Amino acid sequence: MTGRSYNLLKVVVALFAINTLSLYIYFRPTPKRTLEASSSRIQHDDTTGFIPQLTEQRRNGSFDSLKRWPILPSYLPWSQNPSTVPHSCEAFFGNGYTRRLDLLSAVDGEGGRGGGWFRCFHSRTLESSVCEGGQLRMSPERIRMAVGGERLEDVLGRSEEEEMPVFEDGAFQIAEGGGGGELGFRRGKSLVSDEFLDNYVDQGKRHPIRNLIGSIRVVKPGELQCDQWIEEPTLLITRFEYANLFHTVTDWYNAYVSSRVTELPYRPHVIFVDGHCTSPMEEMWKALFSSVAYAKSFHGSVCFRHAIMSPLGYENAMFKGLSQPINCQGTSAQDLWQNPDDRKTARLSEFGEMIRSAFGFSVNRHHPEKAVSGHNVLFVRRENYLAHPRHSGKPESRLSNEQEVFDSLKSWPSNHLKCKVNLVNGLFAHLPMKDQVQAIQDASVIIGAHGAGLTHIVSATPKTVILEIISSQYRRPHFALISKWKGLEYHAINLAGSHADPPDLTLEGKSAFLHARLLVLFIEEVNCISHTGKMVYSNLTFHRKARRGIIEVAQRRVGLALIGILIDSRG
């Protein structure tokens with residue numbers, strides 16, 4: 001080898017080593033210090049205040065410890081649009097927070113260190129507001145409530161009143177900023193008046209977000225003494241029915257909406273301003289957002305560069321739709337792009353994709369990843385579990401002989417293996433939240449008695465069929481509405497009571513489901529349609545009391561059919 005070639009080789013090797021080192025430095029994993037991890041290190045027995053370092057500094061205008069928003073097929077822009085029609089689907093489910101109310105403006109730019117800022121976005125449709133502010137101080141010792149975050153077993157019997165926050169004067173303070181105009185303030189006094197709270201937040205005197213905002217006092221910037229600063233955007237959340245899936249989904253949705261309305265570039269931290277103990281729902285909170293902590297887990301004062309106050313779950317369309325008409329039909333985002341329609345929405349589909357994406361599942365609308373081959377018929381069931389400190393551990397049954405009903409259905413898939421149908425036993429109460437979401441995503445048909453567990457259909461894939469068994473004591477529209485707002489096929493089984501006779505459920509038997517309507521199967525494979533159809537219909541002999549008959553759901557396209565047996569209850 002010549003000297004020239006040798007030197008050239010050395011140069012190439014050196015360049016290769018430098019590039020390898022650069023790639024390693026760029027892609028190497030970096031530890032993320034989050035609120036959750038930091039707050040767990042607080043020494044509760046040291047009242048002098050061990051102050052954890054909660055956040056990392058910004059790098060290039062971004063926050064390293066915050067999760068990025070995923071790419072969602074059903075996403076539509078959330079930018080404020082003053083022309084959003086009140087009581088339209090977008091006003092109910094999207095950004096209907098069209099009135100901006102500035103109470104404080106920062107002296108040297110929003111979030112600047114020279115002064116605080118505070119504003120609210122009000123929705124006339126939902127009669128609620130999303131509020132946000134900067135240079136805001138929280139004094140946990142001035143919030144009377146349980147610490148929160150304990151193990152359930154350690155706080156059995158604790159009353160709900162002990163877990164809900166009571167804000168003493170000055171529990172929250174904000175640095176004085178620019179003038180607020182007609183919404184002005186007086187230094188040392190409340191940031192807002194009772195009239196403002198009545199008009200733009202809520203008139204209920206026990207409303208925790210109203211009381212939180214009402215407790216904010218305005219002080220000089222130099223008087224805002226803070227033991228620790230949280231640099232990154234943080235949602236302040238107060239929950240009521242924190243262990244109930246339906247109500248928790250409304251909290252998740254409002255937290256998601258608040259993040260979008262305030263145009264957060266990354267997923268925020270969450271601080272619970274309540275004293276509830278831990279629950280299985282926290283797994284989803286941690287998946288959806290960047291971290292989770294409890295207000296009382298901090299010692300000393302905490303100041304926020306950017307805090308967002310999310311409305312209560314009772315103040316969104318999923319809850320309000322139970323008592324007022326919200327006539328919206330679910331559709332795809334692509335359809336709305338091409339054909340805008342105030343009577344249609346893709347927002348719940350967007351949120352369902354957010355849930356699936358938070359756990360790393362596919363959100364491809366047309367080709368979702370399935371963990372199993374064939375078609376899953378998921379039977380969502382109720383089982384005994386301890387939900388909260390005041391709970392008996394035995395949820396009231398909406399289908400008194402649920403196990404018998406499930407057992408009577410198990411034989412059908414095993415007798416028809418050609419169609420690759422799996423009946424899934426959906427005992428969710430002791431299953432990790434991620435596994436529950438996986439089961440929902442993998443289901444072609446979801447069956448269940450009316451109960452909070454069916455709220456999972458919010459994350460179901462577009463072609464899923466929903467079948468709800470409804471006893472006469474619990475005829476509420478929760479899941480019919482969610483199905484409609486997502487554009488899912490839905491059928492109800494309205495029982496005369498809460499008991500179903502298993503022989504009447506057996507597909508191979510000589511009687512059909514006399515007390516109700518039952519959707520039997522959703523089949524997508526061409527080679528199963530004719531086979532299954534002939535088999536089902538040839539083997540069924542119907543009781544004369546079921547003379548209101550069979551309804552076959554029409555074939556939608558080649559290779560897709562709903563083979564249904566829908567029998568009216570006894571007349």
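1. **Trp252.** Start with one side chain. Setting aside neighbours within four places in sequence, Trp252 is in contact with Leu245, Met281, Met284, Trp285, Leu288, Phe289, Phe351 and Met433. Trp252 is also among the residues with the most contacts inside the largest nonpolar core. This is a predicted model, and the values below are computed from its atoms.

2. **Overall make-up.** The chain has 571 residues, and 56% of them are buried. It carries 15 helices and 23 strands. Take the contacts between residues at least 6 apart in sequence: 73% of these join residues at least 24 apart. The accessible surface of the chain is about 25,700 Å². Carbon and sulfur atoms account for 50% of that surface.

3. **The largest core.** In soluble globular proteins, nonpolar side chains tend to be buried together. Here the largest nonpolar core has 64 residues. Phe93, Trp252, Trp285 and Ile446 have the most contacts inside it. Which helix gives the most to this core? It is α7, with nine residues. Another core lies apart from it and has 39 residues, among them Met164, Val273, Ala295 and Val302.

4. **Helix α7, geometry.** The helix covers residues 245–261.

5. An α-helix has 3.6 residues a turn, so residues three or four places apart point the same way.

6. **Helix α7, ends.** Asn244 caps the N-terminal end. One of its side-chain oxygens lies 2.9 Å from the backbone nitrogen of Phe246. Glu263 follows the helix, and its phi is positive, near 55 degrees.

7. **Disulfides, overview.** A disulfide is a covalent bond between the sulfur atoms of two cysteines. The structure holds three disulfides. With the bonded cysteines numbered in sequence order, the pairing reads 1-6, 2-3, 4-5.

8. **Cys89 and Cys328.** The sulfur atoms of this pair are 2.1 Å apart. The link is left-handed, with -115 degrees about the S-S bond. It links distant parts of the chain, 239 residues apart. Cys89 sits in helix α3 (residues 89–93), and Cys328 in the loop between α9 (317–320) and β15 (329–330). Are these cysteines buried or exposed? Cys89 is buried at a relative accessible area of 1%. Cys328 is buried too, at 2%. Both values fall under the 20% cut-off.

9. **Cys120 and Cys131.** Here the S to S distance is 2.0 Å. The link is right-handed, with 105 degrees about the S-S bond. Cys120 lies in strand β2 (residues 117–123) and Cys131 in strand β3 (residues 128–134), so the pair ties together parts that are 11 residues apart in sequence. Both cysteines are buried.

10. **Cys226 and Cys303.** The sulfur atoms of this disulfide are 1.7 Å apart. The torsion about the S-S bond is about -70 degrees, so the disulfide is left-handed. This pair also links distant parts of the chain, 77 residues apart. Cys226 is in the loop between β8 (216–219) and β9 (228–230), while Cys303 is in strand β13 (residues 302–304). Cys303 is buried, with a relative accessible area of 0%.

11. **Cys277.** One further cysteine to note. Cys277 counts as buried because its relative accessibility is 0%.

12. **Arg381.** This residue is found in strand β17 (residues 375–381). Is Arg381 buried or exposed? At 9% relative accessibility it counts as buried. Leaving aside neighbours within four places in sequence, Arg381 is in contact with Glu402, Gln403, Phe406, Asn425, Gly426 and Leu427. Arg381 and Ala429 are 48 residues apart in sequence, with 8.7 Å between their C-alpha atoms.

Technical notes: Residues are numbered from 1 along each chain as its sequence is written. This is a predicted model: local features need pLDDT of at least 70, side-chain atom pairs count only at pLDDT 80 or more; totals for chains, interfaces and linings use all residues. Side-chain values use heavy atoms; hydrogens and water are left out. Helices (H or I, at least four residues) and strands (E, at least two) are DSSP runs, numbered from the N terminus. Buried means under 20% relative accessible area, exposed over 50%, partly exposed in between (1.4 Å probe, protein chains only). Contact means heavy atoms within 4.5 Å. Accessible areas come from the Shrake-Rupley method with a 1.4 Å probe; for residues, only the protein chains shown count as cover. The expected span of a helix is 1.5 Å times one less than its number of residues. A polar contact is a pair of N or O atoms within 3.5 Å; within protein, one must be able to donate a hydrogen and the other to accept it, and residues adjacent in sequence count only if both atoms are side-chain atoms. A nonpolar core is a set of buried Ala, Val, Leu, Ile, Met, Phe, Trp, Tyr and Cys residues joined through side-chain atoms within 4.5 Å. A disulfide is a pair of cysteine sulfur atoms within 2.5 Å.
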